Amino acid sequence: MTDGPGETAHDLVIYGSPVSPFARKAMAVCIEKGAGFDFEAVGIMPMPDWFKAISPMRRIPVLRDRSISAEGEAGTIADSSAMCAYIDRKHPEPTLYGATAYGHGRALMIEEYADTTLAMAGGLGIFRPVFFSIVQGKEPDVAKARETWANEFPPILAYLNGQLGDADFFIEDTLSIADIAVTACMMQVALVADMPLGDYPALAKHYAHMTARPSIAGPFAKAEGIVRKALPERIQLT
Ligand SMILES: N[C@@H](CCC(=O)N[C@@H](CS)C(=O)NCC(=O)O)C(=O)O
């Protein structure tokens, strides 16, 4: 993904898959900042050896800054949170990490909540049992997805809904990494299932306005293109 045909290579390269919420988070940060980037597809089934050499945790995504090094481990940063913090330092405007120290800390806290608690439930409990099963030629594990939605999701959604209160964004009435991370991970569920958010009105409103942003919608459309080929119809969670 570059800014358009004929574009020269950008400094920033994101290696990964649009199907990864962590890769989409990093893409959204670049887009919100107007920072051009290239996207190079790397899958995890299996992960290529050259990529393992720059991914110590054996995870996608990884960022490269070609202005530091165009090859090898130099110039690379693994882990989406580290990547996004780096992109924020390289392209400071608009900041996505809050105007105050407290806002900064809260944004990081909610980003981490999304990347761990929400991502585990949505990724391991819903996305993988459905999508990975199909990719492996099996039936989607709809029962596992429904069980996760019924038992694991209510406290997570209630927490996020409560953190929003009446606000449009998680911190300081302004877009931050917290909003991007939460939306990227919620979308992992939406890729494979209709996601009923009626019991969580603040979160439903947040999800609706966040998913309308080009920084979120663009990378999501690419993931949708991949997932819909394998799973034409989303499953029902209830
Ligand atoms: N904390 C990491 C998590 C990255 C992650 O878990 N990526 C998944 C794909 S979404 C992965 O690479 N999994 C490899 C595997 O399951 O073997 C980050 O934020 O980048």
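**Entry 1**

I began with the side chain of S55, where a polar atom lies 2.7 Å from the backbone oxygen of R59. I am working with a predicted model, so I read each distance as computed. I found S55 in the loop between α2 (49-52) and β3 (62-65). Is S55 buried or exposed? With a relative accessibility of 1%, S55 counts as buried, because the cut-off for that word is under 20%. I also looked up A78, which is 23 residues away from S55 along the chain.

**Entry 2: the ligand**

R59 turned up again here, as one of the residues around the ligand. The side chain of R59 has an N or O atom 3.3 Å from an oxygen atom of the ligand. Next I checked D79, and a polar atom of its side chain lies 2.9 Å from a ligand nitrogen. For S80, I noted 2.6 Å between a polar side-chain atom and an oxygen atom of the ligand. How much of the ligand does the protein bury? Taken alone, the ligand exposes 520 Å², and the protein buries 75% of that.

Sorted by class, the shell has 5 nonpolar, 2 polar and 4 charged residues.

**Entry 3: back to D79**

I returned to D79, which lies in the loop between β4 (76-78) and α3. D79 has a positive phi of about 90°, although it is not a glycine. I wrote it down as partly exposed, because its relative accessible area is 34%.

E172 also has a positive phi, about 55°, and is not a glycine either. I located E172 in the loop between α6 (153-164) and α7 (177-190). E172 is partly exposed as well, with a relative accessible area of 32%.

**Entry 4: two prolines**

P46 lies in the loop between β2 (37-41) and α2. Another cis peptide bond joins E93 and P94, with omega about -15°. I placed P94 in the loop between α3 (80-90) and α4 (101-135).

**Entry 5: a charged pair**

Last, I looked up K33 in helix α1 (residues 21-33). Its side chain makes a polar contact of 2.6 Å with the side chain of D88. K33 is buried, because its relative accessible area is 9%.

Definitions and conventions
Residues numbered from 1 in each chain as written. Predicted model: local features only at pLDDT ≥ 70, side-chain atom pairs only at ≥ 80, totals over all residues. Heavy atoms only, no water. Near = heavy atom within 4 Å. Polar contact = N/O pair within 3.5 Å; in protein donor to acceptor, adjacent residues only side chain to side chain. Areas by Shrake-Rupley, 256 points an atom, 1.4 Å probe, with all protein chains shown as cover. Nonpolar A, V, L, I, M, F, W, Y, C, P; charged D, E, K, R; others polar. Helix = DSSP H or I, 4+ residues; strand = E, 2+ residues; numbered from the N terminus. Buried < 20%, exposed > 50% of the residue type's maximum accessible area, 1.4 Å probe, protein only.
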